[in-house]
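User: Please take me through the contacts in this model, within one chain and then between chains.

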Amino acid sequence: MDSKKAISEEAGGFSVARLLQERGVSRRDFVKFCSTVTAAMALPATMVPKVVHALDKVQRPTLVWLNFQDCTGDTEALLRSANPTVGELVLDILSVDYHETIMAAAGHQAEAALEKTVKEFKGKYLCVVEGSIPLKDGGVYGCIGGKTFEQIAKHVCGNAAATIAVGTCAAYGGIAAAVPNPSGAVGVREAVSGATVLNLPGCPCNADNLTAVVVHFLTFGKLPAMDSHGRPLFAHGKRIHDNCERRPHFDAGQYVEKWGDDAHRKGFCLYKMGCKGPATFHNCPTQRFNERISWPVAAGHGCVGCSEPQFWDTSPVYRRLPNVPGFGIEKNADTIGLAFAAGVGGAFAIHGAMSALRKDKPAAEETKKEGEE
Amino acid sequence: MAKIVVDPITRIEGHLRIEAEVEGGVIKDAWSSSTMYRGIEKILKGRDPRDAWYWTQRFCGVCTTVHSIASIRAVENALKIKIPPNAELIRNIIIGIQNVQDHVIHFYHLHALDWVDITSALKADPVKTASLAASISEWPNNSPTHFKAVQEKLKAFVSTGRLGPFANAYWGHPAYRLPPEANLMATAHYLEALEWQKEVIKIHAILGSKNPHPQTFLVGGMSIPIDPDSQNALNADKLITVKRLLAKAQDFVEKVYIPDLLAIASFYKDWAAIGGGVGNYLSYGDFPDPVSGNLWFPAGIIRNRDISKLLPVDQQKVAEFVDHSWYEYQGGKGKGLHPWEGETEAKYSGPKPPYEHLDTTAKYSWVKAPRYEEMPMEVGPLARVLVAYVSGHKETKAIVDMVLAKLGVGPAALFSTLGRTAARGIDCLLNARQTPVYLDMLINNIGKGDYRIHANEKWEPAEWPAEASGYGWHEAPRGALGHWIRIKDQKIFNYQAVVPSTWNASPRDAKGQRGPYEAALVGTPVAKPDQPLEILRTIHSFDPCLACAVHVTDTTGNELVQVKVS
Ligand code: SF4
């Protein structure tokens, strides 16, 4: 893909490095930032110079951010991005031409700004989507400026160099798509066939992973390698359970039995309290949140599995996972994720099975259809 | 008559559309419509009530704690669970810093650009800016060098010719009135606030694992263990960090936000007579004392702007109407239903997209119309502050009187767009000063050897009665939030949230009474109908949060979802 070349051609001699310099970011901080994102992308340190070099060259690419059936949680995550000065600047200097939560313009002027970008930078801009897209009843469950989310997504994602679906809703339909999926919500890949889409699920997604994907795209001119759920391997290649700091307690059979008991205070394993770490592929234990302060297990609450497709219907928060076999850490989502989904499904009843129990026919049929796909 | 449509209303959470009729430069009538629907309450049916906080948290990622709080309170109310003092105090701290951070973000990042013309900041004299800033605050960053640096950054940004999120706005509009120096000062603080909000909200990461969407809430308490002798629990190290961050929060509110608010407000005093709205105010009160349960912020109702009388709140008197909303009641039109009896079926009857206009004489929004004794109510910081002020709440009275004196206006000025924006600052300062009090109480309690965080007795569903119902109230940043739940056979039988933006963004009801946004827009001047900056001012003064506002619950006799567990 030569979108990198395309992206960097347009902005007339204005490189990321120069802009950072003008904004008072020292070369040292810039290189440090490059090392951080290189580590976040799970690349070896030898790649740092390549990242530095690429970002030196890259010139002000355009990004538009679309909010659909969302809660704005991913936008908020972006605002707390863990590389406070530089990480944000990198997104800032991407020229964020459309983002309803932060942009000054409104109404027609906002729509005009979006249209201008799609026209002028056709095939060159990056698109980020937050929130699911309702397809039922002609898409009336989500409109902006009188147009449906589906119409907007087809137009904007369809003309983008690449789309990053942030959060579980944009990736897989998320909470709105849970049984009985009242609005017929789906993720971007399903709504806009043919678009180049990378999924960055999580509820919300980790902003550090978003920064890393963007930098990867700018550096290598393509999206990072993905698993069968469209997730980047650098962030979703390993199970939470395999990187968890409490794993020794799991192996030793030391479990929390009650909230606030001695084991809970000592930081023992949360498996019996419903932790979904053994069935979830994400880098939360290493990347953590809010500048690496914490993550759910570190704060005493089990993982809920928020980055797995259809987790909303498969994992009641406090229900213990059935029978966790000792998978080796070399396995990834594609080899054991499916087996697990089946196991979890059998235990908790997934999509189709659940809807079959409802008398609510139209909704049930629809859900079933979706479950079968 | 010219009809203006503003869609999308930006710098809010969610999807909001305003249609307004303008005559002679003034809004004659207005309609507020939410254009997005997910149906989360409908999805909740049949699930474990202990999970509801996690689901309802996804109503909104901006006010990212509020639905969790209301949800666990509702379940605890239904199951008659009394939580340990430490859990109550941790919740109070989480609530307090959420309010503080949210209000600052709203002021600088969502609302300020309605009053501040950043392009004018390019013309400012940094030295004069510094002396202006010094005259109102002793904030150390207010130096000529700092303001110059900000101006340089701004210049470099503008010179690229790509304004990104600042492109296509109403810059240069005649309704902007600040001198260049005030614009530069506000722009500098816009950037500082962006850094600040990331720092102070780390309190949620310490007590709640992350923000947005903290994950340590539990029915019956909190899941963050306490043990000064453990590195895996809330210990002295973490508590001191929380203390430091709370001090940082308070410092910024006192030395930057409040002085900026007063300085900007002094240029826009005519807005103290615009945007009044429905004139009825509702607050549920909040911050329970961990032992007595008494609320620090009082609950109450004010009617018809009559601040001589405070009325009590009765949850039975809340009802929702759908006569102008895209839902249908089985019992027909014209009736309101209490949330426990709430019955709602989505039924879109608006125009087929793509469309130009909604038919505002018929149904026109996904937001329902909640009413209290059949009357529309404004909720939010203004309602909260008014109720506290009228009830004689000491701390509130002191700050309100200070603000009114500085602006040289009387209490009646509060019933306005400007009053709403000022009340948010007052509320923020109150929270910034009160939250450290709860941290001290927590430290004190831990010092006495009390490490309890959770009431275990009713954790297992087997311990619950066959049927139970309850409600949970919370004063969220945007106002009175209530969750109502009915539990049957250990599962959610019915769930209903009546949230702040449902009250404020509501469309007309059966009697044709306007909702608060709609009422507030009537009479608002519009200098240039193709650049309706004034509409944004009044709408943003409410701090809309639309994803929260739209729900649906289903009690039409459908069989409950069965969750099969092996
Ligand atoms: S079950 Fe959860 S807490 Fe226990 S080791 Fe695995 S991921 Fe960590």
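Predicted model: local features only at pLDDT ≥ 70, side-chain atom pairs only at ≥ 80, totals over all residues.

User: How many salt bridges does the rule find across the interface of domain 1 of chain A and domain 2 of chain A?
Analyst: The domain assignment places domain 1 at 60-236 and domain 2 at 240-314 of chain A. A:Arg231 and A:Glu308 form a salt bridge. Across this interface of domain 1 and domain 2 of chain A, the rule's count is one.

User: Which three residues supply 26% of the area that domain 1 of chain A buries against domain 2 of chain A?
Analyst: Domain 1 and domain 2 of chain A bury about 1500 Å² between them, with 55% of it on carbon and sulfur atoms. On the domain 1 side, one trio supplies more than any other three residues. These are A:Asn206, A:Arg231 and A:His236.

User: Which element gives the largest share of the side of domain 1 of chain A that touches domain 2 of chain A?
Analyst: Nine residue pairs are in polar contact between domain 1 and domain 2 of chain A, both residues at pLDDT 80 or more. Helices H9 (167-172), H11 (207-220) and H12 (233-236) of chain A each give two or more residues to the domain 1 side. The largest share is three residues, and its source is H12(A).

User: What area do chain B and chain A bury between them?
Analyst: The contact joins 96 residues of chain B to 99 residues of chain A. Carbon and sulfur atoms carry 57% of the buried area. Between chain B and chain A, that area is about 8400 Å².

User: Which residue of chain B meets A:Asp313 in a salt bridge?
Analyst: Chain B and chain A share three salt bridges. One of them has an N to O distance of 2.8 Å and involves the side chain of A:Asp313. The partner is B:Arg47.

User: Which element gives the largest share of the side of chain B that touches chain A?
Analyst: The count is 22 residue pairs in polar contact between chain B and chain A, both at pLDDT 80 or more. Elements giving two or more residues to the chain B side include helix H4 (85-111), helix H6 (144-159) and helix H7 (180-200). The largest share is five residues, from H7(B).

User: How many residues on the side of chain B that touches chain A are nonpolar?
Analyst: The chain B side also holds 26 polar and 21 charged residues. The nonpolar count is 49.

How values were computed
Residues numbered from 1 in each chain as written. Chains lettered and ligands numbered in written order. Heavy atoms only, no water. Domains from an automatic or database assignment. Buried area = accessible area lost by both parts, 1.4 Å probe. Salt bridge = Lys/Arg side-chain N within 4 Å of Asp/Glu carboxyl O. Polar contact = N/O pair within 3.5 Å; in protein donor to acceptor, adjacent residues only side chain to side chain. Helix = DSSP H or I, 4+ residues; strand = E, 2+ residues; numbered from the N terminus. Contact = heavy atoms within 4.5 Å. Nonpolar A, V, L, I, M, F, W, Y, C, P; charged D, E, K, R; others polar.
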